[in-house]
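This report covers a few local features of one model.

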Amino acid sequence: MEPSSGYIESKKLLEEKYGDPYKVSNAYLSKVTNWPVLKSGDGAALDIFATFLTQYQNAMESLSYLVILDHPQNLQSLVKKLQFFLQERWRREVILIRERKKVPEFEHFVKFVKEEA
């Protein structure tokens, strides 16, 4: 196949296989919901979790399906993956957010986890 045609065909095949926003969103959601509970004192695991949450947040900008983690119930399921002492700190953070007449969102959680990591 001529290189220019091959490039176009390859790009088309990759787009078909990996470019479906629904499939990509489901993969992200599956990975974050199946994330293991972090163990106390495991700073490396917290850092990896923070990095993944940042990637997820970046993907939210282009994949509308991912905003589901802004829902309070889904956000609470993510909080349960944190070490207990971080869950307590997050609850205090939520109080501060709500005092500003805002609702805690995924972006607040990501910022919190990054700072703690």
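## R89 and E116

R89 has a relative accessible area of 36%, so it is partly exposed. The model is predicted. The partner of R89 is E116, and their side chains meet in a salt bridge with an N to O distance of 2.5 Å. Because R89 lies in helix 5 and E116 in helix 6 (residues 106-116), the pair ties together parts that are 27 residues apart in sequence.

## Salt bridges within helices

The structure holds three salt bridges. One of them joins R91 to E88, with the closest N and O atoms 2.8 Å apart. Both residues belong to helix 5 and are three residues apart, about one turn of the helix. R91 is partly exposed, with 40% relative accessible area, and E88 is partly exposed at 31% relative accessibility.

K111 and E115 form another salt bridge, and here the closest N and O atoms are 2.9 Å apart. K111 and E115 both lie in helix 6, four residues apart, again about one turn of the helix. At 53% relative accessibility, E115 counts as exposed, since the cut-off for that class is over 50%.

Side chains of opposite charge can pair when their charged atoms come close.

## The largest pocket

The largest pocket holds about 230 Å³ of space. Two elements each give two or more residues to the lining of this pocket: helix 4 (72-79) and helix 5 (84-99). Helix 5 supplies the largest share, five residues.

The lining consists of P72, L75, Q76, V79, K80, Q87, W90, R91, V94, R98 and P104. By class, six of these residues are nonpolar, two polar and three charged. R91 is among the lining residues and is also the salt-bridge partner of E88.

## Helix 1

Does helix 1 lie largely buried or in the open? Of its 16 residues, the number buried is one, so helix 1 lies largely in the open.

Helix 1 covers residues 3-18, and at 1.5 Å a residue it should span 22 Å.

Key: Residues are numbered from 1 along each chain as its sequence is written. This is a predicted model: local features need pLDDT of at least 70, side-chain atom pairs count only at pLDDT 80 or more; totals for chains, interfaces and linings use all residues. Side-chain values use heavy atoms; hydrogens and water are left out. On a 1 Å grid over the protein atoms alone, a cavity is a set of points where a 1.4 Å probe fits but cannot get out, and a pocket is an open set with protein on both sides within 12 Å along at least five of seven lines; lining residues have an atom within 4 Å of a point. Grid points are joined across faces, edges and corners, and a volume is the space filled by probe spheres set on the points. Ala, Val, Leu, Ile, Met, Phe, Trp, Tyr, Cys and Pro count as nonpolar, Asp, Glu, Lys and Arg as charged, and the others, Gly among them, as polar. The expected span of a helix is 1.5 Å times one less than its number of residues. Buried means under 20% relative accessible area, exposed over 50%, partly exposed in between (1.4 Å probe, protein chains only). A salt bridge is a side-chain nitrogen of Lys or Arg within 4 Å of a carboxyl oxygen of Asp or Glu.
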